[in-house]
Amino acid sequence: MLLTLSITGISFCGVDVGGFFHDPEPELLVRWYQAGALQPFFRGHSAMQTKRREPWIFGEEVTTIIRAAISQRYCLLPYWYTLFHQAQLSAKPPMRPLWVEFPKEPQTFAVEDQYMIGSALLACPVTDPGVKEVKVLFPGCGEYWYDVHSSQIFRGGRTVNVSVTLDSVSLHRLLNY
């Protein structure tokens, strides 16, 4: 839904971190924060009938992991601001389907669980419980991507199973950008 909103001109969009209804388990709350921190609009929001969900309520481990996701968001703010400025000038959304950047690669048109943040970052957030690896399509034959957390390098033009832990999210930077 967010990618559709983005390409139709509603570029300042994001999820209700934690979900609007129901009460997430700690693992999914962490995943909500990690995913939300990599979207244009980022906020914790829920119905009044839900339980409190401030990160510190779920213990030190959850608080530490969520703090890291929020810190990464703050590190990316200058990039986000630049992307929003560019969006005003060119109508190219900050959060983009892969095919916007790689239109000559047909396999990118079917990808809905990962996206580009501008032209440089490839995000594939985890949104299900118990996930230990994600399947990531690295577009761009002849391009190289590196994991911003581990610095592992991946060659473009192929799909790779990438390991994730609760305190990691699949975020890769285009090497020559």
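Select Phe102, in the loop between α4 (98-101) and β4. The model on screen is a predicted one. Is Phe102 buried or exposed? Phe102 is buried, because its relative accessible area is 10% and buried means under 20%. Now show what surrounds Phe102. Leaving out residues up to four places away in sequence, Phe102 touches Thr108, Met116, Pro139, Gly140 and Trp145. For a sense of scale, draw a distance from the C-alpha atom of Phe102 to that of Lys51. The two residues are 51 apart along the chain, and their C-alpha atoms are separated by 42 Å.

Next, select Thr108, one of the residues that Phe102 touches. Thr108 too is found in the loop between α4 and β4. Thr108 counts as buried, because its relative accessibility is 0%. Which residues does Thr108 touch, not counting those up to four places away in sequence? They are Leu98, Trp99, Phe102, Leu137 and Pro139. Pro139 is therefore a contact of Thr108 and also of Phe102, with contact meaning heavy atoms within 4.5 Å.

From Thr108, move to its contact Leu137. Leu137 is found in strand β6, which covers residues 133-138. Leu137 is buried, with a relative accessible area of 7%. Setting aside neighbours within four places in sequence, Leu137 is in contact with Leu98, Gln107, Thr108, Val111, Gln114, Leu122, Arg158 and Thr159. Leu137 and Val15 are 122 residues apart along the chain, and their C-alpha atoms are separated by 23 Å.

Now select helix α2, residues 26-36. Which residues of α2 are buried? Leu29, Val30, Arg31, Tyr33, Gln34, Ala35 and Gly36 are. To see what covers these buried residues, show β1 (16-17), α3 (60-90) and β4 (115-117), which are included in the cover.

The cysteines come next. Select Cys141, which is exposed, with a relative accessible area of 63%. Then select Cys75, which counts as exposed at 64% relative accessibility. A search of the whole structure finds 0 disulfides.

From the N terminus on, the elements run α-β-α-β-α-β-α-β-β-β-β-β-β-β. The radius of gyration is 16 Å, close to the 16 Å that the globule rule gives for 177 residues, so the chain is as compact as a globular protein of that length. Along its principal axes, the C-alpha trace spans about 45 × 35 × 30 Å.

Now colour the chain by burial. Of the 177 residues, 47% count as buried. Among contacts with a separation of 6 or more, 62% are between residues 24 or more positions apart.

Switch to the surface view. The accessible surface comes to about 9700 Å², and 57% of it belongs to carbon and sulfur atoms. Last, colour by charge: the chain has 15 positive and 16 negative charges, and their mean positions are 5 Å apart.

Notes:
Residues are numbered from 1 along each chain as its sequence is written. This is a predicted model: local features need pLDDT of at least 70, side-chain atom pairs count only at pLDDT 80 or more; totals for chains, interfaces and linings use all residues. Side-chain values use heavy atoms; hydrogens and water are left out. Helices (H or I, at least four residues) and strands (E, at least two) are DSSP runs, numbered from the N terminus. Buried means under 20% relative accessible area, exposed over 50%, partly exposed in between (1.4 Å probe, protein chains only). The radius of gyration is taken over C-alpha atoms; the globule rule is 2.2 Å times the number of residues to the power 0.38. Accessible areas come from the Shrake-Rupley method with a 1.4 Å probe; for residues, only the protein chains shown count as cover. Lys and Arg count as positive and Asp and Glu as negative; His and the chain ends are not counted. The place of a charge is taken as NZ of Lys, CZ of Arg, CG of Asp or CD of Glu. A disulfide is a pair of cysteine sulfur atoms within 2.5 Å.
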